[in-house]
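Let's take a walk through this one together. Have a look at the structure first, and then we'll pick out a few spots worth a visit.

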Amino acid sequence: MAHALHPGAPPSAPADAPLLNRPPLDGEEVWNAKVDLAACFRFAARLGMHEGICNHFSAVVPGHDDLFLVNPYGYAFAELRASHLLVCDYEGHVVAGEGVPEATAFYIHARMHANVPRARVAFHTHMPYATALTMVEGDPLIYAGQTALKFYGRTRVDEDYNGLALDSSEGDRIAGSVGEADIVFMKHHGVMVLGRSIAEAWDDLYYLERACEVQCIAMSTGRKVLPVAPEVAEATARQMRDGDAESARLHLESIKRILDAEEPAFRT
């Protein structure tokens, strides 16, 4: 299912490419972003939110709006370390790191970051419950459970499944489907979670799958799922979004503490 990227351009940029006054790619800020991203990969694997060597997380490199971090082709989420993560530009060059990105990872994430500047972080998964809801009739998410209300007014559905994203035009089309949403349900495919920070993207990814899981359980009873009244849903969503960034930061710190105790290699 996965495909290595074989762009027409050379696979790596010159080692002496000028960084001007930008932070060094081997500096502390960039390394910390890699550690945070590696933690998200590892914990996503623990929670069954991965799929073989497919699926991808990316983040714009701190201080480098024209570069992004992404996982390399051929690695499962459960084995990724901070040092494995690649730095790529939007033309397909690997600027730092060993290996190449998976092809759909490049075409989806490069075009997303280039076309949607507010998407500093983009997590794409085929996590089972959210993906299951992309396969059924109607809007995927019913705002019936409290956790789902975190996403009220923040979702979009990309109805136009076109197979694998193996060129820039499909990446541009996916990016164009986002609008003002933070969560995109990609019909017959999976989900895309966009965030201002790695912590916020992780928090949304985690709670989105939890919301979809309990919805699938409720639907499996065969009884009608009752949505929350729109005015209550909207008010609750505002309550949840107040302080969301700090809550997300603490959530990410909590998973790093667990990994430090049980899988410390993610930091290497």
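Arg118, Lys150, Arg154, Asp182, Asp203, Asp204, Arg241 and Asp244 are linked in a network of salt bridges. Keep in mind that this is a predicted model. One link to look at is the salt bridge from aspartate 182 to arginine 154, where the closest N and O atoms are 2.8 Å apart. Aspartate 182 sits in the loop between α4 and β7, while arginine 154 sits in the loop between α3 and β6, so the pair ties together parts that are 28 residues apart in sequence. Aspartate 182 is buried, at 16% relative accessible area, and arginine 154 is buried too, at 8%.

Arginine 241 and aspartate 244, also part of that network, meet in a salt bridge at 2.8 Å, N to O. Here arginine 241 is partly exposed, at 32%, whereas aspartate 244 is buried, at 9%.

Now hop over to helix α7, residues 244-262, where lysine 256 and glutamate 253 lie three residues apart, about one turn of the helix. Their side chains form a salt bridge too, 3.0 Å from N to O. Across the whole structure, a search turns up 21 salt bridges.

The largest has a volume of about 70 Å³, and the residues closest to its centre are Tyr161, Glu170, Arg173, Met186 and His189. Helix α4 gives the most to its lining, with three residues. The second largest cavity holds about 40 Å³, and its lining includes Ile53, His56, Tyr73 and Glu102.

Terms used: Residues are numbered from 1 along each chain as its sequence is written. This is a predicted model: local features need pLDDT of at least 70, side-chain atom pairs count only at pLDDT 80 or more; totals for chains, interfaces and linings use all residues. Side-chain values use heavy atoms; hydrogens and water are left out. On a 1 Å grid over the protein atoms alone, a cavity is a set of points where a 1.4 Å probe fits but cannot get out, and a pocket is an open set with protein on both sides within 12 Å along at least five of seven lines; lining residues have an atom within 4 Å of a point. Grid points are joined across faces, edges and corners, and a volume is the space filled by probe spheres set on the points. Helices (H or I, at least four residues) and strands (E, at least two) are DSSP runs, numbered from the N terminus. A salt bridge is a side-chain nitrogen of Lys or Arg within 4 Å of a carboxyl oxygen of Asp or Glu. Buried means under 20% relative accessible area, exposed over 50%, partly exposed in between (1.4 Å probe, protein chains only).
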